[in-house]
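Here are some friendly notes to read alongside the model.

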Amino acid sequence: MSGGGEGEGTTLEFTPTWVVAAVCTVIVAISLAAERLLHYAGKYLKKKNQKPLYEALQKVKEELMLLGFISLLLTVFQGRIVKLCVPPDIMKHLLPCSLSSESASGGEESNASPEVSGHHRRLLAEEAAAAGYCAAKDKVPLLSLEALHHLHIFIFVLAIVHVTFSVLTIIFGGAKIRQWKYWEDSIAKDDYDTEHALPKVTHVHQHDFIKKRFLGLGRHSAILSWLHSFLKQFYGSVTKSDYATLRLGFIMTHCRGNPKFNFHKYMIRALEDDFKRVVGISWYLWVFVIIFLLLNINGWHTYFWIAFIPFILLLAVGTKLEHVISQLAHEVAEKHIAIEGELVVKPSDNHFWFHRPQIVLFLIHFILFQNAFEIAFFFWILVQYGFDSCIMGQVRYIVPRLIIGVFIQVLCSYSTLPLYALVTQMGTYFKKSIFDEHVQVGLVGWAQKAKKRKGLKATLGGSTQGGSTNGPSIGIQMAAIGRKEEPPQSDTQPANGS
């Protein structure tokens, strides 16, 4: 295109240098500002000794780098993609909108604003070569440049909304969990006041935990017990008696030598460790996006039905976590009539799905992503195509989706996430967050050295029989602490740490 043509067709060859320099300056300045913001945020978190949150920030950087690479691929190969030609009949199946809607929208475009019309003219001009290339073969482009551009924008919107929603969930949920610090301080003070008092024998049914979790609805019926757990997640999901009993059960199982263990501080550290997994977009989540885009067919109302998946999963997770607390109460009440001292529950993986508490975190991750996907898709369609677009759907399908999305975000923040932070500590094993950061580093280094010594010993054929034979065995037990994905499956009970 020559410089004498319309401005919208001018190439860099005939664009004033000050325009190119000004645009580059703005883009580079914005990019550097964002990079510096993330850099200083990381320095602040390291200064405050918030390593889990710092690692979550690094995860966000990785996602941004992945998005940048996706953007680069789409930009570099867009010329080849729009020249992929297919028979016209293939493009008439599995459409998000009917062909009649396309013709109607084409008539409306003639009355569009000059800015919108100019945008479409530019895209049509860029696609002219590709369209002519395919038309010469009696075929059509597999994907237009405009559709590729819209897909490009959607991927960025999805990632940004997911990270934002995850951060908001952790902030609001963490704020509620931090309110439990008053309970922690109150329990610690009561324990100090009764430290030298003689333990007294009390009837099990006199404890508040048993009254609320065993003697009420669902004592004699499994169905009513599950129904009570379902309703409990909407009001007073965790009470002080729940917190005190589960806290004592954890300490007596894993920290018997340290009755003053700060359970609340440990729980916050464990939640921060889990956050770095929630904020990322794993491969199976991208698979879900691809499947959804495939099933987004006209008349199926996929957007509407898919909104119920995170809704149902969230209710199931909340019900299960409440039911774990009820099961702990039932175990104690059915085994004992009277007890001496405090009521102690027994943590166990048997109370969780497939004996794996980690499944709950996986489901919360999926719920948050899918809800973010719904909201991101709605706003993307709203901005890109308008409220009256055929992809948006009818109002009677839009309003329930938005209500469900807001409900999921609120319930997950104020009920499900705090429940998860407390109840998943009732597994058989503790998490590595039970140790302070410097203790974790020391134990991991100890375990690695022990493994090296054991390997060297095996290489020498066991010729060295002396030395520290107990050290390596203990160190190997603690090696699970260094795992990246799973919490340590160690039977070691720390004598202290907070």
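1. Cys97 counts as buried, because its relative accessibility is 15% and the cut-off for buried is under 20%. Please keep in mind, here and below, that this is a predicted model. Cys97 forms a disulfide with Cys390, and the two sulfur atoms are 1.6 Å apart. The link is right-handed, with 100° about the S-S bond. It connects distant parts of the chain: Cys97 sits in the loop between strand 1 and helix 4 (99-109), while Cys390 sits in the loop between helix 15 (358-384) and helix 16 (395-423), 293 residues apart. Cys390 has a relative accessible area of 35%, so this cysteine is partly exposed.

2. How many disulfides does the count come to? The count is 2, and the other bond joins Cys85 to Cys134, with an S to S distance of 2.0 Å. Cys85 belongs to strand 1 (residues 85-86) and Cys134 to helix 5, so this pair ties together parts that are 49 residues apart in sequence. The link of Cys85 and Cys134 is left-handed, with -80° about the S-S bond. Both of these cysteines are buried. If you number the bonded cysteines of the protein chain in sequence order, the pairing reads 1-3, 2-4.

3. Cys24 is partly exposed, because its relative accessible area is 43%. Cys412 has 0% relative accessibility and so counts as buried.

4. Which residues make the nonpolar surface patch of about 770 Å²? They are Leu94, Trp283, Val287, Ile291, Leu294, Leu295 and Trp300. Trp283 is part of helix 12, which covers residues 283-295. With a relative accessibility of 65%, Trp283 counts as exposed, because the cut-off for exposed is over 50%.

5. Two backbone angles deserve a second look. Most residues other than glycine have a negative phi. Asp138 has a positive phi of about 60°, although it is not a glycine. Asp138 is found in the loop between helix 5 (114-135) and strand 2 (140-141), and its relative accessible area of 66% makes it exposed. His301 is another residue with a positive phi, near 55°, and it too is a residue other than glycine. His301 is in the loop between helix 12 and helix 13 (302-306). Is His301 buried, exposed or partly exposed? Its relative accessibility is 28%, so His301 counts as partly exposed.

6. Among the buried ones are Tyr243, Leu246, Leu248, Phe250 and Ile251. The buried set also includes Asp242, Arg247 and His254.

7. What does Ser229 touch, once residues up to four places away in sequence are not counted? The answer is Thr319, Glu322, His323 and Ser326. Ser229 lies in helix 9 (residues 222-232), and with a relative accessible area of 0% it is buried. The C-alpha atoms of Ser229 and Glu322 are separated by 5.1 Å, although these residues are 93 residues apart along the chain.

8. Leu67 gives another view of contacts across the sequence. This leucine lies in helix 2 (residues 51-76) and counts as buried, because its relative accessibility is 2%. Not counting residues up to four places away in sequence, Leu67 touches Ile155, Phe156, Ala159 and Trp286. For a C-alpha distance in this area, take Leu67 and His152: they are 85 residues apart along the chain, and their C-alpha atoms are separated by 9.6 Å.

Methods. Residues are numbered from 1 along each chain as its sequence is written. This is a predicted model: local features need pLDDT of at least 70, side-chain atom pairs count only at pLDDT 80 or more; totals for chains, interfaces and linings use all residues. Side-chain values use heavy atoms; hydrogens and water are left out. Patches are made of residues with over 30% relative accessible area and no salt bridge: like charges are joined within 9 Å, nonpolar side chains (Val, Leu, Ile, Met, Phe, Trp, Tyr) within 5 Å. Accessible areas come from the Shrake-Rupley method with a 1.4 Å probe; for residues, only the protein chains shown count as cover. A salt bridge is a side-chain nitrogen of Lys or Arg within 4 Å of a carboxyl oxygen of Asp or Glu. Helices (H or I, at least four residues) and strands (E, at least two) are DSSP runs, numbered from the N terminus. Buried means under 20% relative accessible area, exposed over 50%, partly exposed in between (1.4 Å probe, protein chains only). Contact means heavy atoms within 4.5 Å. A disulfide is a pair of cysteine sulfur atoms within 2.5 Å.
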